[in-house]
Amino acid sequence: MDLRPAEVTSILAKEIESFGGESQAQSVGTVLTVGDGVARVHGLDDCMMNELLEFPGGVRGVALNLEEDNVGCVLLGDAAKVREGDTVRGTGRIISVPTGHQLLGRVVNALGQPVDGKGPLGTSEADLRPIEQPAPSVVERQPVTEPLQTGIKAIDAMIPIGRGQRELVIGDRQTGKSALLIDTILSQKNTGGGDPNHPEQVLCIYVAVGQKQSTVVDIVRRLEAEGAMAYTTIVAASAIDEASMQYLSCYAGCTMGERFRDEGRHVVIFYDDLYKQALAYRQVMLLLRRPPGREAFPGDVFNLHSRLLERAAKLADNAPEINNRYVKGGGSLTALPVVETQEGDVSAYIPTNVISITDGQIFLESNLFNSGIRPAVNAGISVSRVGGAAQIPAMKKTAGPLRLDLAQYRELQAFAQFGSDLDKATQDKLTRGERLVEILKQGQYVPAKVADQVALIYAGTSGALDDLPTSKIAEFEVALREHMSTAPEIAEGITSAKKDIPDEIKTALNDAIKVIKAQLA
């Protein structure tokens, strides 16, 4: 074979010229130890806090402890697939989750991966957002003035919630905390007809932490049956999932909600519940050898909840001018965290932590629940620090005497047990109180429109129901709601009132009340 050096040289020169050697630097480490869902990795010298790491077998992890000679990370997947000596790769990306409209109507895990069997989400890299983001500053916020109607009479009348508020739902096991949240989701259908593309539709994100999978499935079925799943996203970190997934799920849900808020939409997020999140956090932190604090919780559990709940806000209209992170001003993220108490002990560590972070609490009491008063809201301990600013004017005026009347009734009720001879004024207060307690009772999955609530509370506080037997109150409410549905001008007059219910609307209401009472007699 005849080789010509000149030809070989020219060919090599061309190959060298066209060679596009692209070298990439990648952060690589080695697993030192692994166990209980926690791995220690050596060699990731440029690793960042909360960086997403990739292990063999498709398992991912999050770097939480950056120590001098190793990185402590929690595994987000099957730890059995990870072995000592395995190679770990850094992604150079803080742990992020997909966001956007594609998540509405879906059930996802703490990493934003679909778990409902409906296929991929269809999100892109541009939709990814870090799960930890700074809360809006004071100048980027505005005062809470717009009501968030829960559809629950006792709450909308006495403990109103505003858009952008943080209101804690607290109580023992089996007192109706989750039921209250589901009713609130169903009530949001009234804001935009359940159409997620309607600009006024309030979007919902329900974060289920440490619950049974069957419970989450029941919630999804109920929301689908009521047509509420279209504007709802469920982030499920059930009891069977790793503690790391349960701990991170609340932050993932918050990030998904912030995307909508920053685009000018109104969102309400439910954390059910933060007590289980703190337990998962404690488990992860102790495995990482972080020193425990009071009650064996790591000392920064307050920070765990405060940096989550502080992200709820009502954005100022000029927020985009202050910070280009916001696409549109005026959006809101309302947080309704749940904390489970033990034997009603609200002075325990986590309840006091979250009470101090939030703008009020709704206390659900076991004794009230067991005596048939549902929702079991204790109006004496429950409070909203936003108050009447988060109510429509007609509700604020009508429900004003409600809390006082109920407080007097509770006091007189205890006093009346010891004596039989009561003066007429006391008897009247007891009679009124009985009717008001009955009015505020409400079944599950039947949220009431705000105009219906105002009309019913007006009937109770005006004394029109004092001569109606207590057993007939439920029938009266059904009849009044039916009448309101056939008389839209009354509902319109109530919702558009600037201060009190207009006199002509009051006259129409009084006439309707008389007719309904006559029918029930």
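**Cysteines and helix α7**

Modeller: C47 has a relative accessibility of 13%, so C47 counts as buried, the cut-off being under 20%. The model is a predicted one. A disulfide is a covalent bond between the sulfur atoms of two cysteines. C47 takes part in no disulfide: the nearest cysteine sulfur belongs to C73 and is 7.9 Å away, whereas a disulfide needs two cysteine sulfur atoms within 2.5 Å. C254 is in no disulfide either, as the nearest cysteine sulfur, that of C250, lies 9.1 Å away. C254 is also buried, because its relative accessible area is 1%. A search through the whole structure gives zero disulfides.

Now the helix. Helix α7 runs over residues 274-287, which is 14 residues. At 1.5 Å a residue, α7 should span 20 Å, and its end C-alpha atoms are 20 Å apart, so the two values agree. The buried residues of α7 are L274, Q277, A278, A280, Y281, V284 and M285. These residues cover an arc of only 160 degrees around the axis, and therefore they sit on the same side of α7.

The ends of the helix can be described too. Just after α7 comes R289, with a positive phi of about 70 degrees.

Technical notes:
Residues numbered from 1 in each chain as written. Predicted model: local features only at pLDDT ≥ 70, side-chain atom pairs only at ≥ 80, totals over all residues. Heavy atoms only, no water. Helix = DSSP H or I, 4+ residues; strand = E, 2+ residues; numbered from the N terminus. Expected span 1.5 Å × (residues − 1). Buried < 20%, exposed > 50% of the residue type's maximum accessible area, 1.4 Å probe, protein only. Arc of directions from axis to C-beta.
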